[in-house]
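Dear colleague,

I am passing on a structure that I have been reading through, and I would be glad if you kept it open while you go through the notes below.

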Amino acid sequence: MTRDEFALFLKGLKNVQEKGGDADAYVKQYEKRNVYFFNDGCIKKILASEKNLALTTDLINAALNLVGSDRIENPKLVNPYVPGELGHRSIEPDLLLTNERGGEIPRDRISIEIQHENHKSLYSDRLVFCVARLTNNMVPKGAVPQLENLHVISFQFFDTFKDSPNYRHTVQWRNQEQMVYFDRQTVTLVEVDKFLRQAGKFASDNCRIALWLRAIDALNREADFSRYESDPMFKVLQNEVKMSNFSPRTMSNSWMKDYEAKIGRASCRERV
């Protein structure tokens, strides 16, 4: 489903539950449909599950453009999905993982965020706060700071760098000569909407994250997926986004309620 379609589905589910109707029967009508992948609750259930760790790892390496020995190979979920419990979204990342590299090489800490709207341009503040919070949590009180290799990945649906021809951006501490001062704190912004909006421009881009974005978009639109079915990771993804994998309880979680607000804002605009 697209974001709007998924919003209407959730609104219908809420109405059924408020009237004491059969929520299971309502959801079953949509069991062959796909959920909207970039919903906070949906992506958490799919990517923060132990059984899908290989899928999550592939997406992380694609977003960070890591190859060879730099790849994330042994990640562990810090905040795994627990049925019926999707966490407190105001105080923790959508997904958080660690990756041991062995020896004296600093451990990786990877956070994944999804953001659809840049309310009053405050998202950059939130992202920097997230970086500060994750960094602070690396060091026990009173200990000598020995920081891990932090990667914050943000899939966002607005353009942070509107004049840039790129849709993937790496943000690090640099001086005025663009020399990296500290290479263990990286924010990677993936401008999903720019990539999809300018599909023709990026048509020749066949890097792994480009393939991921196209595959997700095809599933969200429920379009022809045949070109991706030969890829084992995308085949798993195709199965995981099926509505039949999601219970009414999961759909009713507070993380899913973002869409009620979206529907409300749209209704207000229509009335005006």
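Leaving out residues up to four places away in sequence, which residues does Glu191 touch? Before the answer, please keep in mind that this is a predicted model.

Glu191 touches Gln156, Phe158, Asp159, Thr160, Phe161, Asn166, Tyr167 and His169. The residue itself lies in strand 6, which covers residues 180-191, and it counts as buried because its relative accessibility is 0%. Two of its neighbours are reached by polar atoms of the side chain: the side chain of Glu191 comes to 3.0 Å from the backbone nitrogen of Phe161, and it also makes a polar contact with the side chain of His169, at 2.9 Å. Another residue to look at here is Arg168, which is 23 residues from Glu191 in sequence, while the two C-alpha atoms are 6.2 Å apart in space.

The chain as a whole

The chain has 10 helices and 6 strands, and buried residues make up 47% of its 272 residues. If you take the contacts between residues at least 6 apart in sequence, 65% of them join residues at least 24 apart. The accessible surface of the chain comes to about 14,600 Å², and carbon and sulfur atoms account for 51% of that surface.

Ser252 is found in the loop between helix 9 (248-251) and helix 10 (258-271), and with a relative accessible area of 26% it is partly exposed.

The nonpolar cores

The largest nonpolar core holds 58 residues, and Phe6 and Phe155 are the members that touch the most others in it. Helix 7 gives the most to this core, contributing 8 residues. Apart from it lies another core, of 12 residues, which includes Leu96, Leu134, Met138 and Leu189. When neighbours within four places in sequence are set aside, Phe155 is in contact with Phe38, Leu59, Ala63, Ile112, Glu113, Ile114, Gln115, Val190, Val192, Ile209 and Leu213.

Leu96, named above in the 12-residue core, also takes part in a polar contact, since its backbone nitrogen lies 2.9 Å from a polar atom of the side chain of Asn79. Asn79 is found in the loop between strand 1 (75-77) and strand 2 (95-99), and although it belongs to a loop, it is buried, with a relative accessible area of 10%.

Why do the buried residues of helix 8 lie on the same side of it? The residues concerned are Phe234, Leu237, Gln238 and Glu240, in a helix that covers residues 232-240. They cover an arc of only 165° around the axis, and therefore they sit on the same side of helix 8. As background, an α-helix has 3.6 residues a turn, so residues three or four places apart point the same way. The buried residues of helix 8 pack against helix 3 (40-47), helix 4 (53-64) and helix 7 (208-221). At the start of helix 8, a side-chain oxygen of Asp231 reaches to within 2.9 Å of the backbone nitrogen of Met233.

Backbone angles and cysteines

Most residues other than glycine have a negative phi, and there are two residues here that I would ask you to look at with that in mind. Asn65 has a positive phi, near 55°; it is found in the loop between helix 4 and strand 1, and at 53% relative accessibility it counts as exposed. Gln178 also has a positive phi, of about 65°; it lies in the loop between strand 5 (168-174) and strand 6, and it is exposed, with a relative accessible area of 54%.

How many disulfides does a search of the whole structure find? The search finds 0.

With kind regards

Key
Residues are numbered from 1 along each chain as its sequence is written. This is a predicted model: local features need pLDDT of at least 70, side-chain atom pairs count only at pLDDT 80 or more; totals for chains, interfaces and linings use all residues. Side-chain values use heavy atoms; hydrogens and water are left out. Helices (H or I, at least four residues) and strands (E, at least two) are DSSP runs, numbered from the N terminus. Buried means under 20% relative accessible area, exposed over 50%, partly exposed in between (1.4 Å probe, protein chains only). Contact means heavy atoms within 4.5 Å. Accessible areas come from the Shrake-Rupley method with a 1.4 Å probe; for residues, only the protein chains shown count as cover. The arc is that of the directions from the helix axis to the C-beta atoms. A polar contact is a pair of N or O atoms within 3.5 Å; within protein, one must be able to donate a hydrogen and the other to accept it, and residues adjacent in sequence count only if both atoms are side-chain atoms. A nonpolar core is a set of buried Ala, Val, Leu, Ile, Met, Phe, Trp, Tyr and Cys residues joined through side-chain atoms within 4.5 Å. A disulfide is a pair of cysteine sulfur atoms within 2.5 Å.
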